[in-house]
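Q: Could you take me through the aromatic contacts here, and the charges that sit over rings?

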Amino acid sequence: MTKPIVEIVGLRVGFGGAAAVKDVSFSIQPGETVCIVGESGSGKSVTSLSLMRLVEFGGGEILDGHLMFQRGDVTMDLVTADAATMQSIRGNEIGMIFQEPMTSLNPVFNIERQLTDGLLMHEPLSRSKARERALELLREVRIPEPERRLKQYPHELSGGMRQRVVIAIAMACRPRLLIADEPTTALDVTIQAEILALLNRLKREIGMAVMFITHDMAVVAQIADRVVVMYKGDVVETGPVAEIFAAPKAEYTRALLAAVPRLGDMAGQSAPEPLRLVGDTHDPKPLTPRATPEPLLEVRNLTTRFPVKGGVFRRTVAQVHAVEDVSFTVNKGETLSLVGESGCGKSSCGRSILRLVEATSGTVHLGGQNVLAQTKHELRGMRQHMQMIFQDPFASLNPYMRLQAQLTEPMQNYGLDNREERAAQLFDRVGLPRDFLRRFPHELSGGQRQRIAIARALAVSPGLIVADEAVSALDVSVQAQVLNLMMELQADLDISYLFISHDMAVVERVSHHVAVMYLGRIVEIGPRAAVFENPQHTYTKSLMQAVPIADPNQRKLDGDLAFKPIPSPIHPLDYQPHQSVYETVGLDHRVLVQAG
Amino acid sequence: MQLRRGGNSRCFTPGTCMTYIANRLLSVALTLLLISVITFMVTNILPGDVAMVIMGTQSNPEALAGLRESLGLNDPLIVQYGRWIGGMLTGDWGNSLVFKEAIGPLIANKVAASALIVVMSMTIALAAAIPLGVWAAVHRDKWQDTTASTTALMGVSLPDFFWGIMLILLFARYLGWLPSSGFVHPADDFIAAVRHAFLPSLALGLGLMAHLTRMTRSTMSSILSQEFIRVARAKGLTEHTVIWRYALANAIGPVMTVAGLQVGYLFGSIIVIESLFNFTGMGWLTYQALLNRDIPLIQSTVFVIAAVVMITNLVVDLLYAAIDPRIKLP
Amino acid sequence: MKEFFTGKGIVGGGIVLLVLAVALLAPLLIPDTWATQMDMRSRLAGPSTTYLMGTDQLGRDLMFRMLLGAQTSIMIAGTAVLMSLVIGLPLGVISGYFGGWIDNVLMRLVDTLLAFPALLLALTISAVLGPNLTNTIIAIGIAFTPYLARIIRGEALRVAQMPYVEAARAVGTSDTWMIIRHILPNIMPPIIVQATISLAFAILAEAGLSFLGLGTQPPDASWGLMIQASRDYLDVAPWTALVPGAAVAITVLGLNMFGDVLRDVLDPRTK
């Protein structure tokens with residue numbers, strides 16, 4: 001084995017009094033990709049920031065250990081390096097990219113300046129030479145029209161494009177090690193696939209080592225050579241990627257892998273089925289739909305447009321076509337998922353159905369009544385039958401109300417009796433101890449809060465629950481538990497879900513029916529098996545191609561990927577959209593006919 | 001006045017672009033109109049009236065009634081307002097009861113004097129506040145921060161006129177370096193003008209500086225915790241570049257906006273400070289008008305001050321748009 | 001609550017408590033005559049054992065006048081801030097929560113009012129109504145209302161957009177209950193902070209008004225009035241200005257420190 005480029009030995013990092021990283025040791029060989037994987041609070045980001053000695057700027061302190069870094073023929077300990085040495089290493093020998101492409105670039109400087117100032121710092125270049133290098137870098141990260149981009153400002157670029165610029169900045173001086181801290185977490189799945197493919201190619205061409213920090217096992221499976229699994233500030237397991245996935249040794253790794261839904265796992269299954277988690281004793285039972293489906297929610301030609309205001313009198317100057325001629329049916333006791341990337345209108349669609357935003361036109365029938373035509377008073381009564389679970393478990397509970405009050409509020413609104421007893425029963429139902437009733441939201445973890453949100457939705461015994469990205473903000477092990485709870489409730493209480501999500505693997509796990517949304521329209525809708533195993537629309541196909549699979553034997557990031565960027569849904573007032581026309585390609589399986 | 005920032009002020013078609021400018025001007029006119037209405041209303045809630053001020057409270061009721069009739073004070077308020085605003089628009093601002101002069105030229109003179117100390121105090125405040133605030137933010141929660149923040153907190157806690165009194169005692173009475181009262185026109189003797197304006201400007205500037213230091217510190221500390229600062233450090237840039245170029249370029253817009261809003265505060269404070277220093281500017285004039293209940297003059301000075309404040313904020317907004325690439329004016 | 005007991009919190013809180021105690025207890029413990037008795041032989045006397053903080057131009061004891069003046073200054077500032085809260089809170093909450101044309105109209109009005117410097121507005125109202133104690137309160141109260149209404153509206157708007165409000169709407173909560181249960185409790189912390197800081201500003205405003213002779217009038221004794229009286233004797237007796245000036249400064253400093261610490265403790269956004 002060659003000498004490692006970095007060897008971390010017994011690293012211990014503290015913030016104030018608490019140790020965020022307790023005892024971390026691992027090494028990275030030249031040219032290999034090492035994934036540091038762990039859930040929130042595992043210390044994976046702190047480890048990477050320590051290596052750059054950036055952790056000190058955030059109030060952290062390296063308490064113990066060594067960061068042995070290979071520089072030419074000598075090995076030096078970065079822990080004891082002085083500020084000037086670190087500065088000559090940063091951006092030059094070690095590059096770093098971060099999670100948030102929207103905030104990673106300085107908003108008031110143009111791209112050229114941000115690309116060249118690192119170059120000018122580390123290399124003796126003239127301004128014009130630096131500019132040429134910047135252009136080359138932009139071409140290398142496959143940004144279209146690189147000349148024009150140099151003069152643009154960050155806000156003029158899309159998220160994916162910005163992340164490419166951040167990568168170009170990190171690559172500018174040809175570092176031997178690239179640290180990537182959750183670089184695709186904030187991105188849509190197609191853009192994630194593009195960025196991962198780009199990193200893979202750059203690593204191959206330049207021969208640099210990559211230290212990749214992520215929480216996503218599917219991403220790990222796609223790009224890692226070796227894997228370091230972290231939990232609460234410690235390394236629990238290290239090994240080659242194939243071994244980690246095939247034969248995990250640590251209990252924690254096994255539990256983590258069991259909680260990850262894999263795209264394709266449900267192939268051949270007829271109905272959704274809870275995940276089999278480590279420690280589960282009973283066998284999960286599939287959610288077989290009833291023999292004759294009974295429609296509960298019928299959405300027809302739903303259209304929602306938001307005004308874009310301007311001028312002194314705040315007149316409408318344009319419209320966001322958020323939802324455009326959408327029709328679907330949710331059956332009793334079944335789950336229909338709306339899946340798509342950010343901005344596709346899936347959330348607006350869910351909110352329009354509950355009339356949390358007002359639809360422009362269309363009908364929504366729930367149990368035979370048109371929700372959209374109801375008066376404010378009738379609507380209030382109607383909301384007893386349709387409830388919602390929100391994405392952010394931290395923001396969707398009132399911080400100043402005790403949990404009991406938050407659970408009894410909906411019952412009080414509808415004049416239900418035995419409220420406190422029912423609240424306690426709901427706590428049992430969602431698996432929370434009753435003594436939590438007196439607590440405030442901040443005393444609970446994210447998963448526990450989401451259970452409260454589910455209990456609140458259940459409080460008035462609704463027939464339909466709209467779950468808007470209900471598990472997206474949760475760590476994967478907690479996500480699996482909440483998903484299983486939702487499926488269990490469906491089996492027991494015959495609830496219907498409109499499940500809104502961007503995560504194809506989760507959607508495959510929970511759905512009876514799936515509708516894929518793109519630019520405000522459903523482009524493909526049908527039974528889960530049909531849509532996932534026989535996708536017909538080009539967009540569905542590209543989504544399926546982009547989703548990483550949590551299996552190192554199914555890698556698909558070869559060559560460069562480039563998906564079509566999503567056009568803007570903002571149109572002038574006089575814009576007349578065409579109707580959605582569908583072609584039936586199978587039983588209940590319909591595909592949008594492309595316009596024009 | 002707050003202007004909307006960001007995406008929704010952008011044009012979608014060339015046609016809306018042209019109307020945008022018209023809209024903006026219309027908005028200014030509308031605000032000025034509202035300012036005039038409020039000014040007129042505030043000055044007309046008083047128990048006495050102009051006739052009473054002119055003739056004194058002990059005067060003959062019949063003569064008083066006659067004067068009221070001839071001044072049109074018996075007309076409905078809306079008619080009186082129409083007459084007043086009509087005069088303002090046609091340049092006839094009436095006569096001051098105290099100074100027995102035409103109000104228009106009187107105010108024009110005083111505005112220039114006040115502009116001198118407002119600009120001087122703003123310059124003093126910004127020149128000190130920005131470095132101090134940056135310094136405090138960079139050394140957040142260390143002794144440097146504590147020192148700067150405590151000093152700034154004391155600065156905002158002292159009344160301006162108290163600063164003024166201290167400055168008079170120190171620089172005029174004990175040291176005798178600077179004059180403590182009076183105004184000299186810059187065109188007559190520039191050095192003397194600055195010397196006379198210096199102490200009032202300093203008295204105004206100290207409180208302002210303290211406020212802007214606090215603002216700069218909080219803006220800079222939130223910017224320094226953003227991701228692009230980490231990216232800049234990860235590029236290997238020096239701390240000097242990171243702080244004084246990367247971070248400060250982002251802080252300057254918000255700090256300027258707050259400084260612009262403080263112009264309103266300054267135009268309140270000049271009433272006290274100009275009176276204290278016998279500096280014959282707008283503040284002094286307003287004070288004389290208020291003390292003597294010179295209603296036509298009160299109306300005009302209050303209107304002019306509010307209009308100046310509104311227009312200053314508008315200019316600051318436009319400047320912000322000019323320096324920040326995220327805001328595009330069509 | 002642990003965060004409150006920092007150096008700043010203890011000093012700020014201590015000052016606020018001390019000033020409140022003086023304002024409440026001084027009138028009960030100190031006979032009026034101590035502050036009004038004129039000693040013509042020792043006019044403008046410097047601090048001495050007889051007069052700890054010296055005397056004013058009429059030979060009155062400055063320390064007792066300062067202690068008794070606390071009540072007037074605090075009462076004017078407190079009532080004025082309360083008044084602007086009573087007007088500003090409903091306006092701000094309605095504007096921020098319901099939005100729409102009400103919001104447009106109210107906020108255009110408030111924005112226009114904000115073009116009038118607060119001190120100018122207060123001075124004008126006080127001059128027009130005739131300067132006295134009550135009118136000083138009204139003047140400061142009206143002048144501060146647009147600021148508070150603006151801030152409260154912003155907070156109400158922020159809270160109205162929180163997911164828990166949407167969640168409450170989804171479970172059928174009416175507008176009235178929404179405001180009582182969800183909006184008000186969540187906007188209270190920043191409003192308490194703002195009220196504390198406004199109190200500091202109101203004390204400064206009262207001092208400014210009285211200093212110009214357009215605020216409190218004799219025989220009411222306030223700190224601003226004491227500073228005004230000192231203007232002609234600055235050369236010979238600077239303590240006549242320093243005593244009430246220091247009282248204002250320390251009170252305002254205490255309130256500002258208290259407000260800063262409250263903001264750190266109560267406002268989750270600064271964490």
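**Rings and charges**

A: Arg181(C) sits over the face of Trp177(C), 4.3 Å from the ring centre, where a charge over a ring means NZ of Lys or CZ of Arg within 6 Å of the ring centre and within 35 degrees of the ring normal. This is a predicted model, in which local features need pLDDT of at least 70, side-chain atom pairs count only at pLDDT 80 or more, and totals for chains, interfaces and linings use all residues. Residues are numbered from 1 along each chain as its sequence is written, chains are lettered from A and ligands numbered from 1 in the order in which they are written, and side-chain values use heavy atoms, without hydrogens and water.

Q: And what lies over the face of Phe109(A)?
A: Arg113(A) does, at 3.8 Å from the ring centre.

Q: How many aromatic pairs over all chains?
A: The count is 13, taking rings of Phe, Tyr and Trp (its six-membered ring) with centres within 6.5 Å, and calling planes under 30 degrees apart stacked, over 60 edge-to-face and the rest tilted. Phe109(A) and Tyr246(B) make an edge-to-face pair, because their centres are 5.1 Å apart and their planes at 90°.

Q: Are Phe109(A) and Tyr246(B) buried or exposed?
A: Phe109(A) is buried at 7% relative accessibility and Tyr246(B) is buried at 1%, buried being under 20% relative accessible area (1.4 Å probe, protein chains only).

Q: Which aromatic cluster includes Trp84(B)?
A: Trp84(B) clusters with Phe40(B), Tyr81(B) and Phe303(B), and both Trp84(B) and Phe303(B) are buried.

Methods
Buried means under 20% relative accessible area, exposed over 50%, partly exposed in between (1.4 Å probe, protein chains only).
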